Amino acid sequence: MKQHIQIAIIAFSIIGVLSACQKKDDTPAQPAKVVINVSSPVSGQLYRKGDSVYINASVSYISELHGYELQLKNKNTGTVLYASDEHVHSDAFAIKEAWLDTLSTATDLQLEITTEIDHEGNSSQAEIEFKSQP
Amino acid sequence: MKQIICCIALWCVAAAAYACDVCGGAAGGQGLGILPMYYRNFAGLQYQYRSFNSLQEQVDENQSPRQSREYYNTVQVWGRVHVSKRVQLFAFLPYQFNRRSVGSTVYNYNGAGDVSVWANATVLKTEDDCDCNWRHMLVAGGGLKAPTGKYASHANDKADILNIMPGTGTWDFALNANYTLRYRKAGINTEASYTLTTADAESYKYGNKLTAALRGFYALQYGQFTILPQAGLRSDYSLHDYDNYKRKWLNEQSGGYILYATAGAQAYYGRVGLQLSYNKPVAQHYGGGNVKALQFADAGLFFLF
């Protein structure tokens, strides 16, 4: 019986050790260290009705990012013309999307890319302004 | 008596198919169930069904989470062979039919699952020739799961699809201890099984898993026909996954526990056995509370040789 108790204690000890606290990257959130390079559209670029606006960007950070949100808005009214979001668990990723310009009036446009650093609300944002002219 | 023992053995080993090699999001652990004095080889075919409700948080936490439902269907060929008087080998070859529905959109992920091999050794056992009312058995062993299943790269996100793919892309190791105590035709079985996971090629690592169960059973015999009703509790506990194990990116929205109340029965006649079981979650906190286990049932047919 003593041997059985010893076996049980050893077994539970092994399980306890294996289930112990998990190591994790404790890098504090540093929004200033998120690098968002938007290669398209270029600031001030002019698009015509029927053009495809290619949205290309690269994002990098010192630790894990959790995703991004993208919004293309009418700068003056705030109306969202295109939006998307994606969960991405990486320290570097690319954004490749496109929007078809169907606007029939001259519009100032604003592209906002927000990257989520964690699930506690820490984020970093980049903005690009450009124009649509029918 | 032999039939009862056989029946118990079959039913117990059937629990091995509770193995869930895919649902990291389902706290799927591995166990071997009751392992009394079994003495024959067998081959079997088993079907297992599991379903879950998931809330997938949006990138923007201020937005309402997306709801999805996951269905895991496994058809598994499996069997056991004795390599010595005290050691038995088990092999499991699963095929998965997994489905996720998000609103009206349905995604199907079908394919071969990961192959597992287990070895169990009898540590303690009441002698077969003992004319005892009380009998017991302690079995311990381990297993290996190979990354043979269908598996896709998730380098460009798609962490969502990891838990629904047929394969895991990882080598996993399991340890198991299993004790059965019987008084005549009634008995209890308790077990603990721990699965040590490793990281996949892209450094994603599912959390290690602990499965524990306690079941009671009773053997009813009618001539050559034996029925073995059983009921008990089963718990699956999983540590957090790592999005990147090398860099210790712990995914704290994964892992958790699910406690099931289980009930089932096995019918056995001659060399053929049939097993059914149903598991109802009675307490759970999984995936940060975003994953809810719904149904868990399985059925199996076995042939002794």
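Me: What pattern does chain A follow, read along the sequence?
Reply: In this predicted model, chain A reads α-β-β-β-β-β-β.

Me: What makes a residue buried, and how many percent of chain A is that?
Reply: Buried means under 20% relative accessible area, exposed over 50%, partly exposed in between (1.4 Å probe, protein chains only). By that rule, buried residues make up 36% of the 134 residues in chain A.

Me: Why is a set of residues called a nonpolar core?
Reply: Because its members are buried Ala, Val, Leu, Ile, Met, Phe, Trp, Tyr and Cys residues joined through side-chain atoms within 4.5 Å. The largest one here has 24 residues, and Ile95(A), Leu111(A) and Phe130(A) have the most contacts inside it. Strands β3 (52-74), β4 (80-100), β5 (107-116) and β6 (123-132) of chain A each supply at least two residues, and β3(A) gives the most, with 9 residues.

Me: Which residues is Leu111(A) in contact with, leaving aside its neighbours within four places in sequence?
Reply: Contact means heavy atoms within 4.5 Å. Among the partners of Leu111(A) are Val38(A), Ile55(A), Leu72(A) and Phe130(A).

Me: What makes Asp85(A) and Arg66(B) a salt bridge?
Reply: The rule asks for a side-chain nitrogen of Lys or Arg within 4 Å of a carboxyl oxygen of Asp or Glu. For Asp85(A) and Arg66(B), the closest N and O atoms are 3.3 Å apart, so the pair qualifies. The count between chain B and chain A is 3 salt bridges.

Me: How much area do chain B and chain A bury between them?
Reply: About 2,500 Å², with 54% of it on carbon and sulfur atoms. Buried area is the accessible area (1.4 Å probe) that two parts lose on being put together, summed over both. As for who touches whom, 26 residues of chain B are in contact with 24 residues of chain A.

Note on methods
Residues are numbered from 1 along each chain as its sequence is written. Chains are lettered from A and ligands numbered from 1 in the order in which they are written. This is a predicted model: local features need pLDDT of at least 70, side-chain atom pairs count only at pLDDT 80 or more; totals for chains, interfaces and linings use all residues. Side-chain values use heavy atoms; hydrogens and water are left out. Helices (H or I, at least four residues) and strands (E, at least two) are DSSP runs, numbered from the N terminus.
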